[in-house]
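Here is a friendly briefing to read alongside the model. Have the sequence and the 3D view open as you go.

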Amino acid sequence: MTERTDQWPRRVLITGAAGAVGSVLRAGFQGLYKHLRLTDISPLEDPAPGEEIMLADMRDMAALTPVMADVDCVVHLAGLADEDNWEKVSSLAIDGCYTVFEAARLAGVKRIVYASSNHAIGFHPRSKALDLDVPLRPDGRYGLSNAFGELLGRLYADKYGMSIAAVRIGSFRPKPEDRRQLMTWLSHRDAVQLFRRCVEHPGYHYVCVYGVSANRDANWDNSQVDWLGYQPQDNAADYEAEILAQPDDEDAIAKALHGGRFCSDEFDGDLTKIR
Ligand code: 15L
């Protein structure tokens with residue numbers, strides 16, 4: 001990748017840098033920016049040249065103040081990566097998200113790239129392809145926290161003039177693992193490209209984008225944000241034979257809805273009413 005250390009943003013912070021997406025972005029961003037600060041509540045080791053490690057709890061405003069100092073752009077990944085109880089969702093993914101946005105604002109950070117998830121819109125029927133105008137339709141407490149993060153981003157863009165991106169990540173994996181992921185897979189390489197576009201593209205106010213690879217069966221439409229320049233390279237269909245050789249373990253509710261198993265977990269509704 002081309003080094004761009006003399007261009008904005010020069011100082012980038014990744015929260016949740018020890019997690020699955022964080023580790024891949026950390027490697028993919030290596031040497032791109034003048035300064036890459038990494039934060040997490042879990043240990044992070046071996047800072048490379050140009051990297052700085054500052055451990056912090058994202059719910060702790062006092063701890064975040066030095067972490068945000070002099071940062072141009074925050075890539076906010078910290079929180080949760082799966083469904084959980086309300087105590088954890090409200091604390092880690094809602095309170096933590098608010099505290100990160102507020103600490104960034106107070107520190108004068110210009111841009112936040114927020115890692116949302118497809119579970120913010122998971123209860124839409126799979127029979128419909130989704131563009132970026134579909135209403136938020138969370139499929140659980142985790143999806144609700146992603147919807148909160150997207151709306152928080154809107155607020156911080158409109159009220160405080162910050163530049164905000166929300167990336168609705170699909171299934172971030174080294175390779176697709178099941179039938180649903182033929183639609184929803186996001187490869188590591190495409191994730192690095194997409195997050196780079198969100199970090200580096202000049203001058204947008206608010207953008208939401210699906211974090212999905214160039215899958216033949218993709219059901220999420222990013223054409224409204226072509227201007228962002230994201231050109232995914234990977235296609236889950238290349239793994240189709242391998243996937244179709246495995247048993248199909250998706251239940252009927254999961255199969256009918258974009259969010260898959262996140263929708264069928266705890267489901268006590270009426271599928272015929274979900275249109
Ligand atoms: C997510 O948001 C989760 O973090 C991830 O583990 C997957 O389950 C993914 O969504 C998905 O929808 O496949």
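A polar side-chain atom of S171 sits 2.5 Å from an oxygen atom of the ligand, a polar contact being a pair of N or O atoms within 3.5 Å, where within protein one must be able to donate a hydrogen and the other to accept it, and residues adjacent in sequence count only if both atoms are side-chain atoms. Please keep in mind that this is a predicted model, in which local features need pLDDT of at least 70, side-chain atom pairs count only at pLDDT 80 or more, and totals for chains, interfaces and linings use all residues. Residues are numbered from 1 along each chain as its sequence is written, and side-chain values use heavy atoms, with hydrogens and water left out.

**Around the ligand**

- Surrounding the ligand are A81, S117, N118, H119, Y142, G170, S171, R173, R180, R261 and F262 (a residue counts if one of its heavy atoms lies within 4 Å).
- The side chain of Y142 places an N or O atom 2.7 Å from an oxygen atom of the ligand.
- For R180, a polar side-chain atom is 2.9 Å from an oxygen atom of the ligand.

**Helices α3 and α4**

- Helix α3 (residues 86–106) and helix α4 (residues 141–160) have axes that come within 10 Å and cross at roughly 15°; helices are DSSP runs of H or I with at least four residues, numbered from the N terminus, and axes are lines fitted to C-alpha atoms over the stretch in contact, with angles from 0 to 180 degrees between N-to-C directions.
- That angle makes α3 roughly parallel to α4 (under 35 degrees; over 145 is roughly antiparallel, 65 to 115 roughly perpendicular and the rest oblique).
- On the α4 side, the contact includes Y142 (contact means heavy atoms within 4.5 Å), and Y142 is also among the residues surrounding the ligand.
- The residues of this α3–α4 contact divide into 13 nonpolar, three polar and three charged (Ala, Val, Leu, Ile, Met, Phe, Trp, Tyr, Cys and Pro are nonpolar, Asp, Glu, Lys and Arg charged, and the others, Gly among them, polar).

**Helices α1 and α6**

- Helix α1 (residues 20–28) packs on helix α6 (residues 188–200) at about 70°, with axes 10 Å apart, so the two are roughly perpendicular.
- V24, L25 and G28 of α1 make the contact with H188, A191, V192 and F195 of α6.

**Helices α2 and α3**

- Helix α2 (residues 61–68) and α3 pack at about 50°, their axes 9 Å apart, and are therefore oblique to each other.
- From α2, M61, L64 and M68 meet T99, V100, E102, A103, A104 and L106 in α3.
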